[in-house]
Amino acid sequence: MLGISLKVDSTDTYLDIEIEPANLESVIDAKLLFNIIKDSEFADFFVFDENVIDLISHYKNAIANNDNSLISQRIGERRDTEIKCIITAGELTAELTLIVGYAGKIPSVDELITILNQAGVTRGVSTKRLQKLVEQLDHSSPGDILFDTVAQGLPPKAGSSSKLQPLVQNALERILTPQAKGNQRVDMRNLGAVICVKKGAELLRRLPPSEGRHGFTVTGAQIKAKPGKWLKFRPGDGTVISDHDENLLIADITGMPKFKASKMWVDDVFICKGVNVGTGNIEYDGAVLVNGDVTENMKIISTGDVTINGFVESAYIQAGGDIIITEGAMGKVNEAMTEYSTTLVAQGSVHIQHGQGLNIKCNGNVSVGRQLAYSQIESKGKVTVGAADKPNGNIFSCNVKCCGQFIAGTVGAVSGSNLSIDFSEGFNRLLERKDTLDDLLKQISQNNHRHMERMNIINSKFVPRDMQSRVDEANQLYQGETQLLNWLHHKAKEMHQAKEKYQANIQMIANKKVYPGVTIKLNNRTWRADREYDRSKVCFADHQWQLEPLTSKM
């Protein structure tokens, strides 16, 4: 504007303004001067607002006194970007805060690194993040605040605890793993020899814990990792720690080894060539190994595993561990499918090669090698029909209750015979536990809120010295109740997650066919196969059963 000039001083730092009253075309005010500066090449300078207002005051006095002498004033300056480095607690991260300068110098990446080093940050610096900050400076307005975490240390990784490595397999694991025959073929008939270990055999080794990984701070200091802990090595029944190696567990008796829930033991084993009227029923405190058949109306009751290398017909078998039948099992069933002549009851899992007319109850999984028909299953685990690595077996005319995945090859039959798969029992157990926990949580939450109000009143009052101990005791009780409430909240969350996980895990997979007559249930949610389906999966999502075709080949 005519009569107004802006210029930088000789040090290239400050912004000065000169006004020639005689050459002004109109009256000026502070707003006009601010707009002139904003529209000029000096718009990025930091402006001294008070100096501009003072300048206008001088200008008004000059006009009032008819004074046309030159008016000059310093009204701004360059300000470099302000840089602050903050190292967080624990020295695991470092943050840079940049307050964008006013027509000042933009720092380079190297200059930012120098500032970090001066603050003690020497490790974990990210040049990419620094470069990003510098690029943001070019597109930011003066006074903007930029910040980012530009250096990160490495937290230590605690060592893992010692691990227990079984040196022998459980009987069920050996059965489900077909043994190799030659270099390329697998003999599906050779399901693995069921062996008993001799006294002194190596059973379990305790591997040493790892040392962990050391970390470091952004200042370069090392953070030592906490080494893993040694697990307690407790011999189970029939085992003992080796005299020569404190990390080795060996058999103290000849018997059948079992590893479960980080515990190894050896069951005293009863071995016979068959169970029939000649041998009588077997009731044994330990494992039972039958190298032959179990004939009609015979019973086997064992506290350990029951392994039968033969065929079972119309018998009752009860095991405190797993039931393993390497061949088949057969029984008679009435027309209503309510009475079965062959019953298998196991605290663990049940495996048979093929079966018909069976009543199976177990706390673990049920696996059938080839085919199952006209039977009833109650399992707290999953049900697999077919080889473990490729379940292509057949199942039809059965009532199945299970709490996990159901997978087979062909589900149902061409004749349309009924097959029911019910996942309700495990879900209802979860709901019952969840409802009980929710009721308890609601009651304690109400009590805790009422106690909090009363304790706040008590703590706000003057308490005589002789009563202070009772008040302290009440405060401790209230804190204990609050901790219990927090624990219940955590358990309620876990229970909700367990419910969601259960619904996500239950599904029926048919790797070959699904025939009409198949029914899948979760309480009142039911899916029925009204026609024949090729390879399919039926899963529970969005509170309903959904069928998905399987296109990939087995």
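Over the ring of which residue does the charged end of Arg123 sit? The charged end of Arg123 sits over the ring of Phe216, at 3.6 Å from the centre of that ring. A charge is said to sit over a ring if NZ of Lys or CZ of Arg is within 6 Å of the ring centre and within 35 degrees of the ring normal. Before going further, please note that this is a predicted model, in which local features need pLDDT of at least 70 and side-chain atom pairs count only at pLDDT 80 or more, while totals for chains, interfaces and linings use all residues. Residues are numbered from 1 along each chain as its sequence is written, and side-chain values use heavy atoms, with hydrogens and water left out.

Another such contact leads us to a group of rings. The charged end of Arg79 sits over the ring of Phe46, 3.6 Å from the ring centre, and Phe46 is itself part of a cluster in which ring pairs link Phe46, Phe48 and Tyr102. The structure holds nine aromatic pairs, where a pair means that rings of Phe, Tyr and Trp (its six-membered ring) have their centres within 6.5 Å, with planes under 30 degrees apart counted as stacked, over 60 as edge-to-face and the rest as tilted. One of these pairs is that of Phe46 and Tyr102, which is edge-to-face, with 5.0 Å from centre to centre and 80 degrees between the planes. This pair links distant parts of the chain, since Phe46 belongs to strand S3 (residues 46-47) and Tyr102 to the loop between strand S6 (93-99) and helix H3 (109-118), 56 residues apart. Helices (H or I, at least four residues) and strands (E, at least two) are DSSP runs, numbered from the N terminus. Phe46 is partly exposed, with a relative accessible area of 22%, and Tyr102 likewise counts as partly exposed at 22%; here buried means under 20% relative accessible area, exposed over 50%, and partly exposed in between (1.4 Å probe, protein chains only).

The pair formed by Phe270 and Tyr284 is tilted, because the ring centres are 5.5 Å apart and the planes stand at 45 degrees. Phe270 lies in strand S17 (residues 263-272) and Tyr284 in strand S18 (residues 282-284), so this pair ties together parts that are 14 residues apart in sequence.

We can now turn to contacts between charges. Side chains of opposite charge can pair when their charged atoms come close. A search of the whole structure finds 18 salt bridges, each being a side-chain nitrogen of Lys or Arg within 4 Å of a carboxyl oxygen of Asp or Glu. Among them is the one in which the side chains of Glu18 and Lys7 meet, at 3.2 Å from N to O. Glu18 lies in strand S2 (residues 14-19) and Lys7 in strand S1 (residues 4-8), so the pair ties together parts that are eleven residues apart in sequence. Glu18 is partly exposed at 23% relative accessibility, and Lys7 is partly exposed at 41%.

A salt bridge can also be found within a helix: Arg429 and Glu425 have their closest N and O atoms 3.2 Å apart, and both residues lie in helix H6 (residues 424-460), four residues apart, or about one turn of the helix. Finally, Asp9, Asp16 and Arg74 are linked in a network of salt bridges.
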